[in-house]
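Hi,

Here is the structure I said I would pass on. Have a look through it first, and then read my notes on the packing below.

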Amino acid sequence: MSTLIDGQASDHLPANDRGLLFGESVFETIAFHDGRAPLWVRHIERLGKGAATLGLAPPEADLLEQECRCLLSELVGQAVIRITLTAGSGGHGYWPAERPTSRRILQRRDWPMHLEQQRLDGVSVIISTHALGGAGPLTGLKHGNRLLQTLAARECLQRGAEEALLLDQQGQLGEAISSNLLLVSGSRIMTPARPDVAGVGLAWLSDRLGDALEIGSVGMDRLATLSEVLVINSVAGIRPVVAVEGQPFPRGPVGRRLQSIWHEELFPCA
């Protein structure tokens, strides 16, 4: 059993589900290590915020945890569970039902085996030709409309890259396909002010670093002056960027220090 829909083992979704028809959904992708999900509370809080934006009732955290345990009952080690909350079925066209009933989908996936190597060796990135959208009510949410990210991922496949950096409408560095950015200049650590997705991994690190993590805008013209570039998300952790558009990029001590903090404080037994 690897998929639950509303608590039942199934991989069949009704054709009129609004998440399928309109992308009217929010989701979280959660890393579990021996049954532990250290960032669980942050994931559930973001899922609840997204649900509220879509006009859905907040998810029942205890029920979601119980269903995750069910999916993990036969496993030891690392796994990933994606929790998707859709607006269910009903409504008429774009007009939602007056009292929408959400549908929850939990999917267990095997742990991505390439991540450990990428943490060690780093990732090669390109600059995507697709720009992030402007600020709006969905900014920061992990919603189901991911077409921009899939287009950027297609670029990576076509050009043999492992990740892509996406710029905002002003040409400032924004984020990677599925990760936030950490930009290092000497001893300074920066992250863009308004990423398309407010990552829970970045939020945890921001709380950990406090004022040592600066939030602001960094233009493409400053990329070559940075001493390190790192990508971070809650599953992959922190990975160094070792090439940008084919040009080598240095690994450095800040990235190694942040990786140690991540591993030792979140996953000491992993």
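**Helix α2 and its neighbours**

Let me start with α2 and α6, which pack with their axes 10 Å apart, at an angle of about 120°. That makes the two helices oblique to each other, and their crossing is right-handed. Please keep in mind that this is a predicted model.

Who meets whom there? On the α2 side you will find R42, H43 and R46, and on the α6 side V200, A203, W204 and D207. Sorted by class, this contact of α2 with α6 has three nonpolar residues, one polar residue and three charged ones.

α2 (residues 40-53) also packs against α3 (residues 61-72): the two axes come within 11 Å and cross at roughly 125°. So this is an oblique arrangement, and the crossing of α2 and α3 is right-handed. The residues involved are W40, I44 and L47 from α2, which meet A61, L64, E65 and C68 from α3. By class, the α2 contact with α3 comes out as six nonpolar residues, no polar ones and one charged one.

**The five-stranded sheet**

Next, the sheet. Its five strands are arranged in the order β2-β1-β5-β4-β3; the sheet is open and the pairing is antiparallel. At the edges stand β2 (8-9) and β3 (25-33), and each has a single partner strand, so one side of each is left without a neighbour in the sheet.

Further in, β4 (residues 78-86) and β5 (residues 103-110) run antiparallel and are joined by eight bridges.

α3 lies across β1 (3-5), β3, β4 and β5, and runs at about 35° to β5.

**α6 against α7**

Back to α6, this time with α7 as its partner. The axes of these two helices are 12 Å apart, and the packing angle is about 100°. The pair is therefore roughly perpendicular. From α6, the contact draws on G201, W204, L205, R208 and L209; from α7, it draws on L258, I261, W262, E265 and L266. Of the residues in this contact of α6 with α7, seven are nonpolar, one is polar and two are charged.

**Aromatic pairs**

The count of aromatic pairs comes to three. One of them is W204 with W262, an edge-to-face pair with 5.7 Å from centre to centre and 85° between the planes. W204 lies in helix α6 (residues 200-209) and W262 in helix α7 (residues 253-266), so the pair ties together parts that are 58 residues apart in sequence.

**A hairpin to finish**

Last, have a look at β7 and β8. β7 (residues 163-167) and β8 (residues 173-176) run antiparallel, and three bridges join them. Within that pairing, L167 has L173 in β8 as its bridge partner. The two strands form a hairpin with five residues between them, and G171 in the turn has a positive phi of about 80°.

That's what I have for now.

Cheers

Conventions:
Residues are numbered from 1 along each chain as its sequence is written. This is a predicted model: local features need pLDDT of at least 70, side-chain atom pairs count only at pLDDT 80 or more; totals for chains, interfaces and linings use all residues. Side-chain values use heavy atoms; hydrogens and water are left out. Axes are lines fitted to C-alpha atoms, for helices over the stretch in contact, and angles run from 0 to 180 degrees between N-to-C directions. Helices (H or I, at least four residues) and strands (E, at least two) are DSSP runs, numbered from the N terminus. Angles under 35 degrees count as roughly parallel, over 145 as roughly antiparallel, 65 to 115 as roughly perpendicular and the rest as oblique. A crossing is left-handed if the near helix is turned anticlockwise from the far one by less than a right angle, and right-handed if clockwise. Contact means heavy atoms within 4.5 Å. Ala, Val, Leu, Ile, Met, Phe, Trp, Tyr, Cys and Pro count as nonpolar, Asp, Glu, Lys and Arg as charged, and the others, Gly among them, as polar. Two strands pair if DSSP finds at least two bridges between them. Rings of Phe, Tyr and Trp (its six-membered ring) pair if their centres lie within 6.5 Å; planes under 30 degrees apart count as stacked, over 60 as edge-to-face and the rest as tilted.
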